[in-house]
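I opened my notebook to look up a few places in this protein.

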Amino acid sequence: MAGRTHNERCPDCKQAVTNLLTTLFNDVKANWDLGLPCRLEDFASEKIFESLGRVNQALRNHRGFQNFVKYKKLPRVDYFIPNHNFIVEFDESQHFTEPRDISLGRYPQNEEYGFSIDRWRDLCRTLNKRDNDPPYRDEQRAWYDTLRDFAPKLLGTGKTIRLYSRDQIWCSLDPNNESDLITFQKNIEG
């Protein structure tokens, strides 16, 4: 990294997260396919259908985009840890948008999540990112993130843990350094 400016899209950071997860949990599935559908109607028989419906409707109402779900299957998660049965998502700034804030505001409040909903909402309001290529991209990303957050309820897994790319210079953490592993584990444990 010497001689270049660090940014949140640092490929070494993503590799460091992979290495740290592997050191802590052994078996790590990067870019993992959960095998879940992603259209609202695909969840009609699930207990979480009503909650998902509230999120989906709020996203549709936000800017009027009705057809932002373009895939039949949910795009892959960043990491799945099978031995401990949880998901890890590495969120860069483009995830913190008004539609994401809207979706998070519709989550059931009596549930526990693998990250702070309040903090993620604050980041959405503070960063207020926009990605309008295609025009419905923010709604689409917010919906897919919602499905990843609700995936544990569908699959019977542990929580979806979210790491914010700017919380650390992740590539500065060494998986062979006990202190760095403790720092990373604290991030994972929220």
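This is a predicted model: local features need pLDDT of at least 70, side-chain atom pairs count only at pLDDT 80 or more; totals for chains, interfaces and linings use all residues.

**Entry 1: serine 93**

I began with serine 93: is this residue buried or exposed? The relative accessible area is 2%, and buried means under 20%, so serine 93 is buried.

Next I asked where serine 93 is placed. I found serine 93 in the loop between β3 (86-91) and α3 (98-104).

Then I listed the contacts of serine 93, leaving aside neighbours within four places in sequence. They are Glu8, Leu127, Lys129, Tyr164, Ser165 and Arg166.

**Entry 2: the largest nonpolar core**

I turned to the largest nonpolar core, which has 32 residues. Which members touch the most other members? I got Leu52 and Trp143.

I then checked where the core residues come from. α2 (49-63), β2 (77-81), α4 (117-127) and α5 (137-155) each give at least two. The largest share is seven residues, and α5 supplies it.

I also found a second, separate core of 19 residues. Cys13, Leu21, Phe184 and Ile188 are among its members.

I wrote one general remark beside this: in soluble globular proteins, nonpolar side chains tend to be buried together.

**Entry 3: tryptophan 143**

What does tryptophan 143 touch, not counting residues up to four places away in sequence? I wrote down Cys38, Leu40, Leu52, Val55, Asn56, Leu59, Phe68 and Val69.

**Entry 4: α2 against α5**

I looked at how α2 and α5 lie together. Their axes come within 10 Å and cross at roughly 170°. An angle over 145 degrees counts as roughly antiparallel, so α2 and α5 are roughly antiparallel to each other.

Which residues meet here? From α2 I listed Ser51, Leu52, Val55, Asn56, Leu59, His62 and Arg63. From α5 I listed Asp138, Glu139, Ala142, Trp143, Thr146, Leu147 and Phe150. I sorted this contact by class: seven residues are nonpolar, four are polar and three are charged.

**Entry 5: asparagine 187**

My last stop was asparagine 187, in helix α6 (residues 178-189). Not counting residues up to four places away in sequence, asparagine 187 touches Leu163, Gln168 and Trp170.

What does the side chain of asparagine 187 reach at 3.0 Å? I found the backbone oxygen of threonine 183.

I also compared asparagine 187 with arginine 76. The two are 111 residues apart in sequence. In space they are 22 Å apart, C-alpha to C-alpha.

Definitions and conventions: Residues are numbered from 1 along each chain as its sequence is written. Side-chain values use heavy atoms; hydrogens and water are left out. A nonpolar core is a set of buried Ala, Val, Leu, Ile, Met, Phe, Trp, Tyr and Cys residues joined through side-chain atoms within 4.5 Å. Buried means under 20% relative accessible area, exposed over 50%, partly exposed in between (1.4 Å probe, protein chains only). Helices (H or I, at least four residues) and strands (E, at least two) are DSSP runs, numbered from the N terminus. Contact means heavy atoms within 4.5 Å. Axes are lines fitted to C-alpha atoms, for helices over the stretch in contact, and angles run from 0 to 180 degrees between N-to-C directions. Angles under 35 degrees count as roughly parallel, over 145 as roughly antiparallel, 65 to 115 as roughly perpendicular and the rest as oblique. Ala, Val, Leu, Ile, Met, Phe, Trp, Tyr, Cys and Pro count as nonpolar, Asp, Glu, Lys and Arg as charged, and the others, Gly among them, as polar. A polar contact is a pair of N or O atoms within 3.5 Å; within protein, one must be able to donate a hydrogen and the other to accept it, and residues adjacent in sequence count only if both atoms are side-chain atoms.
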